[in-house]
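Subject: Structure for you to look at

Hello,

Here is the structure we talked about. Please open it next to this email and follow the residues as they come up.

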Amino acid sequence: MSVEVASRVVHEVLGDGIDDVDEPIVDYIVNVLGDEDFDFGVDGDGVFDALGELLLDVGCVSDSSHCRIVCGKLCDKFGKHGLVKPKPSVRSLAAPVRMFDGMDEDEAPKKKPDDIDGPLLTERDKMKIERKKRKDERQREAQYLQHVAEMEAVRAGMPKVCVNHGQDVGGPNIKDFHLDNFNISVGGRDLIVDGAVTLSFGRHYGLIGRNGTGKTTFLRHLALHAIDGIPKNCQILHVEQEVAGDNTTALQCVLNSDIERTHLLEEETRLLEQQRNFELEEADGKSNAQLNGNLDKDAITERLQQIYKRLELIDADSAEARAASILAGLSFSPEMQRKATKTFSGGWRMRIALARALFIEPDLLLLDEPTNHLDLHAVLWLESYLVKWPKTFIVVSHAREFLNLVVTDIIHLQGQKLTSYKGDYDTFERTREEQLKNQQKAFESNERSRAHMQNFIDKFRYNAKRASLVQSRIKALDRMGFVDAVVNDPEYAPAFAYNLFPRPLLSWLDFEPVQVQLKVDASFGYPGGPLLFKNLNFGIDLDSRIAMVGPNGIGKSTILNLIAGELQPSSGTVFRSAKGVPEQKLRGHLGSFGITGNLALQPMYTLSGGQKSRVAFAKITFKKPHLLLLDEPSNHLDLDAVEALIQGLVMFQGGILMVSHDEHLISNSVDELWVVSQGTATPFHGTFQDYKKILRSS
């Protein structure tokens with residue numbers, strides 16, 4: 001089932017009551033209801049049993065009876081979207097059926113009871129196990145609530161998001177700063193030890209590293225000024241959370257970040273009103289004394305002059321045009337800019353947060369996967385905007401082409417250390433490869449020399465004639481020191497690639513390749529809305545390697561859901577031929593995707609975005625499907641994992657249909673491009689570069 005549809009239904013039914021609920025809890029509710037195997041029960045009883053207590057705890061409902069009503073509405077709404085699995089009908093028999101009819105009269109042999117290894121559990125043992133289970137559940141719940149509280153504390157500690165018009169906040173204006181000997185840890189786990197990094201004004205840094213190494217945590221510490229060496233008057237803005245959904249328009253939400261401008265305009269409106277009232281009273285012959293007890297006409301005029309002078313100084317007249325231009329670059333039409341933020345999905349509200357940050361222009365801008373929620377047109381605009389960015393920024397991204405275009409330096413987080421490199425990502429790769437080669441050579445040379453000296457020492461240690469030579473070798477060995485061995489990240493790429501379908505897809509009986517074909521000849525529109533697609537007509541088989549591109553909201557994910565059977569066509573058909581564990585086996589499979597050791601036992605909410613993506617890939621590949629439907633598969637993956645994903649897709653011997661704007665992924669894993677627009681999907685005759693040129697020219 002489409003998570004987007006589930007999210008929309010949940011927000012529609014729960015209304016404003018869900019706005020104050022933490023995002024992880026909202027995601028949990030949506031994912032539970034969105035599970036294709038979820039049992040809604042009769043009149044929403046299944047929803048009440050699964051989520052009733054949670055809805056009461058977070059304040060979405062007032063009491064138990066209200067909760068049952070809401071659960072019933074959720075069941076009805078999901079049913080209207082065709083997303084509740086119908087229960088198998090029960091038919092009454094016209095006459096009794098004798099199950100032994102036609103069988104031999106001899107008594108059937110009874111099945112021997114299975115042998116049970118070990119002693120049977122007593123009632124006392126069962127009660128102990130039950131108590132331990134309840135205790136573990138309480139501990140998990142307490143840990144989750146603590147995690148939510150910690151995240152709330154982090155958000156509360158973030159500095160105010162507003163434009164700084166050069167006001168003096170104390171201290172000299174330092175544009176470059178050096179951070180030395182700092183440590184960062186979370187939950188007792190060290191992420192960065194003895195870290196050191198220099199950030200120079202006007203440089204654009206790309207922060208890279210494996211998922212879970214602490215990139216986002218490092219950005220949060222910077223935003224909180226939690227690292228010694230950050231100037232107090234340095235404005236740092238971390239774009240991490242989407243804007244709140246309320247009645248404020250998207251454009252006004254961006255403009256409201258200029259608090260001084262907003263206050264000056266409000267004061268101007270108030271003073272002009274007072275001035276008009278004063279003039280009316282003068283016209284009526286009333287006293288020319290102070291108006292409203294404290295402001296006379298001259299004072300109002302003088303204050304208005306001060307306001308106009310300050311508005312001109314902060315360039316207030318161009319603010320609205322600049323905010324509208326940024327929103328337009330991120331694919332907001334003029335009509336969308338006038339819509340309330342509460343009408344937008346989380347992805348679009350994340351774009352508003354990005355637009356607000358670009359409008360504010362902080363001294364240090366921190367961007368964490370900014371392209372995840374953007375379509376290709378918006379990505380191209382953001383690239384051109386950041387290239388001209390006059391100040392400093394740090395960006396975390398999985399898209400190498402994006403990094404190659406916008407960054408001037410790379411900061412590599414590996415082994416709890418930060419290492420800086422000049423140049424873009426491709427330059428970093430070449431430089432690092434050369435450094436590792438030289439380090440390996442130096443290490444091997446050092447090991448050979450040390451081994452040679454040690455052999456001499458061991459051989460002649462007790463030889464009196466060679467005592468002086470042995471002593472000189474011992475001193476030389478001490479002076480030589482050690483060269484560190486090359487330490488690379490764990491090499492999960494081959495295993496990752498292999499587990500994306502390690503062998504040809506074979507039928508069960510005769511081991512001949514399975515013939516899989518999918519044909520779509522249908523139209524679709526959501527209930528109560530217009531048709532999104534009319535007369536879609538295409539086919540996919542095991543040889544298909546297709547990427548769908550197009551603006552966000554055009555319906556690319558809807559096509560994937562139609563093909564997967566999570567949505568039913570309004571008319572026409574979707575034809576599919578052929579058919580789409582022990583803990584140790586599951587953990588082994590997860591390990592091949594980099595989810596190893598205790599990480600496989602941690603709750604999902606504690607994992608980073610990239611680690612969650614790897615779990616998702618492990619889940620879909622465990623069933624070894626014939627056709628892969630991928631919706632932005634590279635989002636949240638680190639750069640090494642994207643390379644492994646490409647290897648896996650190249651090795652995969654089935655069909656692929658993906659939605660993506662990642663140029664590197666598309667160019668190296670598919671051979672056909674479809675453009676989704678104007679209610680249909682049509683093949684694009686050209687490369688991804690050709691498609692980008694058309695977008696740039698438009």
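Leaving aside residues up to four places away in sequence, Asn-446 touches Met-480, Gly-481, Phe-482 and Val-483. Please keep in mind that this is a predicted model. Asn-446 itself sits in helix H15, which covers residues 425-460. Its relative accessibility is 7%, and buried means under 20%, so Asn-446 counts as buried.

Next, the backbone. Which residues have a positive phi although they are not glycines? Asn-181 is one of them, with a phi of about 50 degrees. Gln-416 is another, with a phi of about 65 degrees. Asn-181 lies within strand S1, residues 177-186, whereas Gln-416 is in the loop that runs between strand S7 (409-414) and strand S8 (417-422).

Are these two residues buried or exposed? Asn-181 has a relative accessible area of 62%, and the cut-off for exposed is over 50%, so Asn-181 is exposed. Gln-416 has 34%, which falls between the 20% and 50% limits, so Gln-416 is partly exposed.

Last, the surface charge. Asp-16, Asp-19, Asp-20 and Asp-246 form a negative surface patch. One of these residues, Asp-19, is in the loop between helix H1 (3-14) and helix H2 (23-34). With a relative accessible area of 43%, Asp-19 is partly exposed.

Regards

Conventions:
Residues numbered from 1 in each chain as written. Predicted model: local features only at pLDDT ≥ 70, side-chain atom pairs only at ≥ 80, totals over all residues. Heavy atoms only, no water. Helix = DSSP H or I, 4+ residues; strand = E, 2+ residues; numbered from the N terminus. Buried < 20%, exposed > 50% of the residue type's maximum accessible area, 1.4 Å probe, protein only. Contact = heavy atoms within 4.5 Å. Patch = residues over 30% accessible without salt bridge, like charges linked within 9 Å, V, L, I, M, F, W, Y side chains within 5 Å. Areas by Shrake-Rupley, 256 points an atom, 1.4 Å probe, with all protein chains shown as cover. Salt bridge = Lys/Arg side-chain N within 4 Å of Asp/Glu carboxyl O. Lys, Arg positive; Asp, Glu negative; His and termini not counted. Charge placed at Lys NZ, Arg CZ, Asp CG, Glu CD.
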